[in-house]
Amino acid sequence: MLAGLLFAVVAVADAREVRVGVYENPPKIMAGPDGQPSGIFGDLLTEIARQEDWKLHPVPCKWEACLAALKAGQIDLLPDVARTEAREKQFDFHAEPALQSWSALYVPSTDRVNSMLDFRGRRIAVLKGSVQESYLRQLFTGFGIDVTLVPVTSFEEGFALAEQGRADAAAANYNYGEFNARRYDLMASSIMFLPSRLFFAAPRGTNADLLAAIDRHLAAWQASEGSPYYKVLARWMAQPPPVVWPVWWRWATGGVLAAILIVVLINRMLRSQVRAQTARLEADLVQLRQADEALSRQHGIFQSLIRTIPDLVWLKDQDGVYLACNDRFEKLYGAVEKDIVGKTDYDFVDRALADFFRAHDRAAMSAGKPSVNEEWLSFASDGYHGLFETTKMPMLDASGHIMGVLGIAHDITRRKQVEEALRESEELLKEAQALAHLGNWSLDLTNGTAVWSDEEYRLLGYAPGSVLPTSENFLKAVHPEDIAAVTAEMRRAMNSRETRPYHIVHRVVGAAGERFVEQLGKVSFDTQGQPVRMFGTTADITERKRIESQIEHLAYHDQLTTLPNRALFLDRLGQALAACRRQKRFGAVMFVDLDQFKRINDVHGHTIGDSVLKDVAKRLRHYLRQDDTVARFGGDEFVILLPELSSEQEPAATLALSVAEKIRAALEQPIRIDGQDYLATASIGVSLFPKQGENVDDLIREADIAMYRAKDSGRNALMFFEHTMQEHIAERYAMERDLRDAVKNGALALFLQSQVNAGGDVVGAEALVRWQHPARGLVAPAAFISLAEETGLIVTIGEWVLRETCRLLVRLNESGRSLRLAVNVSPRQFRQANFVARVREILSETGADPLYLTLEITENLLVEQASEVVSRMLELSDLGIRFAIDDFGTGYSSLAYLKRLPLNELKIDKSFVQDIPYDLNDVALVETILAMARHLRFEVLAEGVETQSQLEFLTAKGCRLFQGYYFHRPQPAGDWLAEVNRTFPQTGR
């Protein structure tokens with residue numbers, strides 16, 4: 001007993017659970033009182049489940065929802081599914097159909113429908129997503145009958161709509177209709193269609209075992225009349241049983257009266273049955289008569305319909321025998337309808353053509369859907385030979401079986417001729433557009449799609465057909481700098497209030513390079529004023545643009561040197577003069593005249609002279625900025641415009657002088673032509689602008705006057721028109737030239753100023769530079785450091801000071817004296833990309849110990865490129881080099897950076913020291929610096945200490961390091977070292 005119980009438990013545990021979709025379609029499928037599947041399919045599946053040990057789990061759903069759940073794999077089986085080509089791509093089916101069925105249109109019992117034409121303008125309720133819906137739509141559309149399909153979610157809803165008058169008919173399968181029509185006072189019309197084989201369906205690629213089991217049982221049951229299959233069909237599809245009167249033939253105690261009674265009863269029953277049968281026969285006869293009349297009317301309508309059609313129309317049966325045709329078809333075979341009906345194509349045309357017609361008939365019937373082909377036909381009536389588009393549609397009888405084929409042939413000879421002429425015209429147009437470099441296009445503004453001609457593709461830089469013609473691909477071809485202008489013009493043209501058409505010239509970039517195109521277009525608007533379409537042409541105007549540019553260039557440029565000519569230069573000078581006045585800035589005009597150029601022309605000829613002028617123009621362009629302009633005024637005269645040099649006059653004059661000197665030096669070099677050198681120096685006149693009340697002509701005249709002064713001074717020279725500026729610039733230029741010579745020839749001297757502690761002991765020194773000028777004597781840094789910064793010489797000078805200081809450190813260390821030396825680093829030097837590398841090289845070259853080297857930087861250096869400055873300081877700090885902020889308190893650095901930087905020392909600027917302790921502001925500032933340094937653990941050195949009172953105040957406030965005339969003045973490095981050796985004791989290291 002225990003074993004049996006365990007077996008039962010295992011059997012229950014192993015039962016296969018099958019999710020079944022159940023929707024209301026009686027008698028084929030519905031939910032029973034217990035919720036389990038019922039109806040024909042439900043009972044069949046229940047019996048199969050019982051034998052296969054499946055546990056059915058019903059999933060109630062509407063028809064369309066059932067299909068969606070099946071596709072999503074949310075149910076395992078769906079009963080009562082017609083097998084179609086489309087559904088075979090989505091679902092799996094078993095092989096043996098579970099039920100054969102067809103569909104019909106059900107109408108109210110009071111309605112009389114004799115043909116499809118009676119449904120014109122009617123509403124038909126049809127199951128949404130069903131094969132009936134797609135078939136009816138195709139059927140009525142094919143016959144040109146206008147009906148309204150009302151989608152419903154169940155047959156029950158469709159029958160209810162027909163009963164309520166909200167639909168004129170309802171489509172349903174025959175099983176459902178016969179089972180339920182009477183409840184809704186509906187009856188089947190004469191329109192039957194779509195014979196169907198019905199199956200169980202499973203999700204694609206799953207539950208193959210379920211389908212195989214269903215196939216196995218159906219095959220076995222359908223082969224045996226007493227099987228569950230036929231019992232289920234009898235249960236749901238049989239008509240109500242007739243009334244059977246009991247026969248009393250064996251009564252032991254019955255008498256004659258009983259026998260007579262029996263005979264009378266039987267006689268009455270027979271009479272009743274005869275009367276009922278007679279009434280049915282009479283009713284059937286009336287229905288047959290009515291059907292015959294309806295068929296006659298339908299045939300008459302069909303004949304009238306096909307005779308009004310101007311195309312050839314005919315009807316054949318499955319064997320190709322003609323059943324009907326129209327007047328136009330009679331002319332094809334040269335015979336009337338009665339002589340054509342009953343015959344085949346073989347009776348009228350040769351066998352090859354008849355075989356061709358027959359093959360297409362069979363193809364249409366085999367496919368079960370209309371087929372279209374083109375064929376040449378010759379008319380027997382008048383010999384006309386033309387091309388016809390033939391449509392052949394399979395025709396179905398009331399049972400849904402194919403009974404023949406309906407053919408319609410439309411003459412397309414003229415259309416083909418027009419199409420061919422149009423194609424030839426299009427080809428000619430394409431060739432003409434290609435020759436003219438003219439493309440055409442059309443843009444659908446509702447979805448962004450477009451149509452381009454082949455030449456349009458080429459103009460946009462694409463091979464014809466290589467990309468989709470969309471607005472996106474059009475904009476990809478437009479030059480990036482022109483996209484904004486093109487889109488703006490499109491938006492303007494798409495404004496319904498605009499009257500000017502779309503017109504723009506822009507560049508395109510493709511495989512052939514950059515080209516100019518001109519686009520003309522027009523926009524179409526709908527009734528609401530919304531843009532719907534844009535079409536136009538595109539023309540290649542690259543050559544036109546090149547010619548226009550060349551003409552413009554010739555109008556405004558010198559033909560020999562290609563430099564701007566007088567007209568273009570005067571225009572640019574006028575613009576620059578106005579801009580400088582508006583922005584309060586200074587510019588300059590230079591007049592350049594070659595010295596003794598006439599001699600080159602006279603001696604060597606104009607060809608050589610022209611070559612010299614071209615080379616001069618090339619050199620002038622080389623030394624100018626992009627915004628500068630150099631023009632040839634004629635002969636050997638050139639004029640240069642330097643706009644917006646500076647906001648102050650003196651720096652502007654300095655820059656102008658620098659450019660002029662570079663040009664003078666460049667033209668001083670010989671010009672080599674064909675292996676021979678020619679010399680063409682220049683005299684240059686410079687005039688600054690703007691000046692009060694002067695115009696463009698005044699500026700040219702002033703520069704010309706200055707140029708003649710340069711010639712008068714001996715040629716190969718330059719002069720300013722402004723005398724005071726000339727003197728100042730000349731002096732400054734001379735100093736710059738001397739400074740360059742000094743750096744080059746070693747005329748710089750290293751000085752040091754000692755730094756002491758509170759006791760007056762020397763703890764280090766600051767390295768300083770002096771310039772030993774041959775005429776001016778010893779020049780202090782204040783007179784030349786700013787000039788060195790402007791000219792870039794500060795980098796070379798800074799490296800020289802650093803190298804000399806490192807050498808001095810080596811000498812100090814060799815003598816056993818541990819003193820720190822500080823070197824100022826200019827911002828320009830520190831920002832050099834190779835600054836850290838150069839410091840490493842100098843330390844390595846001299847052998848100096850970086851622990852005794854201090855680099856002094858300014859606060860302003862920390863403001864610009866702060867992260868890069870911090871990075872370089874950290875690299876140098878890792879070597880042991882100390883950092884000090886020079887002139888602390890005079891710059892603009894953020895105190896927050898002090899915590900991030902590898903700083904060791906702050907130097908209080910002498911401008912704050914010189915007025916303490918009497919200036920309260922300076923006192924407060926110095927006290928603040930000392931307090932802050934104390935908290936951040938920085939050393940503080942006060943510069944410019946010159947009095948006892950200054951020293952006492954600083955000492956009282958905690959300052960421990962000092963530098964100034966009160967202790968030591970700057971002295972040459974040799975003298976300083978000698979004094980240190982005398983007074984400063986050696987220390988062991």
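## Enclosed cavities

The structure is a predicted model, and the values below are computed from its atoms.

The largest cavity holds about 170 Å³ of space. It is lined by 19 residues, and those closest to its centre are Lys 28, Asp 80, Ala 82, Gln 132 and Leu 198. Four elements each supply at least two residues of this lining: the strands β5 (78–82), β7 (99–108) and β11 (186–203), together with the helix α5 (131–142). Sorted by class, the lining of the largest cavity comprises 9 nonpolar, 7 polar and 3 charged residues.

By class, the lining of the second largest cavity has 8 nonpolar, 3 polar and 1 charged residues.

## Gln 132 at the largest cavity

Gln 132, one of the residues closest to the centre of the largest cavity, belongs to helix α5. Its relative accessible area is 7%, so Gln 132 is classed as buried. The side chain of Gln 132 makes a polar contact of 3.2 Å with the side chain of Ser 103.

## The second largest pocket

The second largest pocket has a volume of about 970 Å³. Its lining consists of 32 residues, with Glu 766, Leu 768, Pro 781, Asn 824 and Asp 886 lying nearest its centre. Two or more lining residues come from each of β30 (762–773), α25 (781–791), α26 (793–814), β32 (820–824), α27 (827–830) and β34 (882–888). Among these elements, β30 gives the most to the lining, with 5 residues. The class composition of the lining is 14 nonpolar, 9 polar and 9 charged residues.

## Aromatic pairs and charges over rings

Across the whole structure, 26 aromatic pairs are found. One of them joins Tyr 322 and Phe 329, whose ring centres are 5.3 Å apart with 50 degrees between the planes, a tilted arrangement. Tyr 322 has a relative accessibility of 2% and therefore counts as buried; Phe 329 is likewise buried, with a relative accessible area of 2%. The pair of Phe 379 and Tyr 384 is also classed as tilted, because its ring centres lie 5.9 Å apart and its planes meet at 55 degrees. Phe 379 is buried at 4% relative accessibility, whereas Tyr 384 is partly exposed at 32%. Elsewhere, ring pairs link Tyr 106, Phe 155, Phe 159, Tyr 176 and Tyr 184 into a cluster.

Charged side chains also sit over aromatic rings. Arg 770 lies over the face of Phe 751, at 5.4 Å from the ring centre. The charged end of Arg 969 is placed over the ring of Tyr 965, 4.0 Å from its centre.

## Backbone features

Most residues other than glycine have a negative phi, and most peptide bonds are trans. Against that background, the peptide bond from Phe 689 to Pro 690 is cis, with omega near 5 degrees. Pro 690 is located in the loop between β27 (682–689) and α23 (696–712). A further cis peptide bond runs from Ile 916 to Pro 917, again with omega near 5 degrees. Pro 917 occupies the loop between α32 (910–913) and α33 (920–936).

Gln 596, which is not a glycine, has a positive phi of about 55 degrees. This residue is found in the loop between β22 (586–594) and α20, and Gln 596 counts as partly exposed at 41% relative accessibility. Arg 715 also has a positive phi, near 65 degrees. Arg 715 lies in the loop between α23 and β28 (718–720), and its relative accessible area of 40% makes Arg 715 partly exposed.

## Asn 601 in helix α20

Helix α20 (residues 597–604) contains Asn 601. Asn 601 is buried, with a relative accessible area of 17%. From Asn 601 to Val 612 the separation is 11 residues in sequence and 9.7 Å in space, C-alpha to C-alpha.

How values were computed: Residues are numbered from 1 along each chain as its sequence is written. This is a predicted model: local features need pLDDT of at least 70, side-chain atom pairs count only at pLDDT 80 or more; totals for chains, interfaces and linings use all residues. Side-chain values use heavy atoms; hydrogens and water are left out. Rings of Phe, Tyr and Trp (its six-membered ring) pair if their centres lie within 6.5 Å; planes under 30 degrees apart count as stacked, over 60 as edge-to-face and the rest as tilted. Buried means under 20% relative accessible area, exposed over 50%, partly exposed in between (1.4 Å probe, protein chains only). A charge sits over a ring if NZ of Lys or CZ of Arg is within 6 Å of the ring centre and within 35 degrees of the ring normal. On a 1 Å grid over the protein atoms alone, a cavity is a set of points where a 1.4 Å probe fits but cannot get out, and a pocket is an open set with protein on both sides within 12 Å along at least five of seven lines; lining residues have an atom within 4 Å of a point. Grid points are joined across faces, edges and corners, and a volume is the space filled by probe spheres set on the points. Ala, Val, Leu, Ile, Met, Phe, Trp, Tyr, Cys and Pro count as nonpolar, Asp, Glu, Lys and Arg as charged, and the others, Gly among them, as polar. A polar contact is a pair of N or O atoms within 3.5 Å; within protein, one must be able to donate a hydrogen and the other to accept it, and residues adjacent in sequence count only if both atoms are side-chain atoms.
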